[in-house]
Amino acid sequence: MTTIKRVWKWLDTRTGASAIEPIAKHPVPPGTTWAYVFGSATLFTFLLQVVTGIALLTTYVSSTEGAYASLEYITNEAFMGYWLRGTHYFGASAMVFLVGTHMMRVILTGSFKFPREVQWLTGSLLLLLTFLIAFTGQLLRWDQIAVWTAVVGGQQIARVPLIGVPLARFWISGDVVNASTLSRYFSLHVVFLPLSIFAVLGIHLYLILRNGISEPPVAGKPVDPATYQQEYDELLEKHSHPFWPDAAWRD
């Protein structure tokens, strides 16, 4: 422990790392049980996807001739490639499952109510971005399933009133699926969508720290915007516990 304290003091003196202490000690209301871990689990899975995705990028070839062949090489010949690709594949399914479960928990516990409406909106946007990044990721295989998925996706988007046709052309990068379609999906999957998720996620986490974690609802006690903040502060003062280590271990 003495060594750890010395290392922490050395790091804090040079970087101000102790600034994260208020975040670590952020008060958590009573009743935040295992049902509240799915947001953190989704965040962990997203970071896992970023790490494994960057590793896959070192070998993946984003061309119509080389995409599928490069994935075959990763799966069958590259060192631990099957494990890396499998982790990324199942991680995508896990992320979709976890973000959906997190949203259901938010609905069931009324966590979208005052003063957390904007948190709800940013979370809804993160749900949409998660679906998009999962969808574009499966198309990068560029096999028969991926190509026809792109075609079906374009046909469905074209049904959107007024802007459907130009939106579908943007989605498949032209009037037919071609090499530029794969480039479009590749840029969306590895650049635009991850950056968008990071940006919205930053706002989402800031609002959680600002407004606090929602307490479980009480039957017969609706949220009153006029008195809620005072009641919430009193609840935290009397019964809260710090996020670290009391609540963080579950996450």
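Q: What makes Gly39, Ser40, His204, Leu205 and Ile208 stand out in the largest pocket?
A: In this predicted model, 44 residues line the largest pocket, and these five lie nearest its centre. A lining residue has an atom within 4 Å of a pocket point, so each of the 44 meets that cut-off.

Q: How do you know what volume the largest pocket has?
A: The volume is the space filled by probe spheres set on the grid points. For the largest pocket that gives about 1,100 Å³.

Q: Which helices supply at least two residues each of the lining of the largest pocket?
A: Helix 2 (21-24), helix 3 (38-57), helix 5 (81-108), helix 6 (117-139), helix 9 (179-211) and helix 11 (243-247) do. Helix 3 gives the largest share, seven residues.

Q: Why are 15 residues of the lining of the largest pocket called polar?
A: They are neither in the nonpolar set nor Asp, Glu, Lys or Arg, so they count as polar. The rest of that lining is 25 nonpolar and four charged residues.

Q: What is known of the second largest pocket?
A: Its space is about 880 Å³. The lining has 30 residues, with Gln49, Leu56, His88, Gly137 and His189 nearest the centre. Helix 3, helix 4 (67-76), helix 5, helix 6 and helix 9 each give two or more of the lining residues. The largest share, nine residues, comes from helix 5.

Technical notes:
Residues numbered from 1 in each chain as written. Predicted model: local features only at pLDDT ≥ 70, side-chain atom pairs only at ≥ 80, totals over all residues. Heavy atoms only, no water. 1 Å grid on protein atoms, 1.4 Å probe; cavity = no way out; pocket = protein on both sides within 12 Å on 5 of 7 lines; lining within 4 Å. Helix = DSSP H or I, 4+ residues; strand = E, 2+ residues; numbered from the N terminus.
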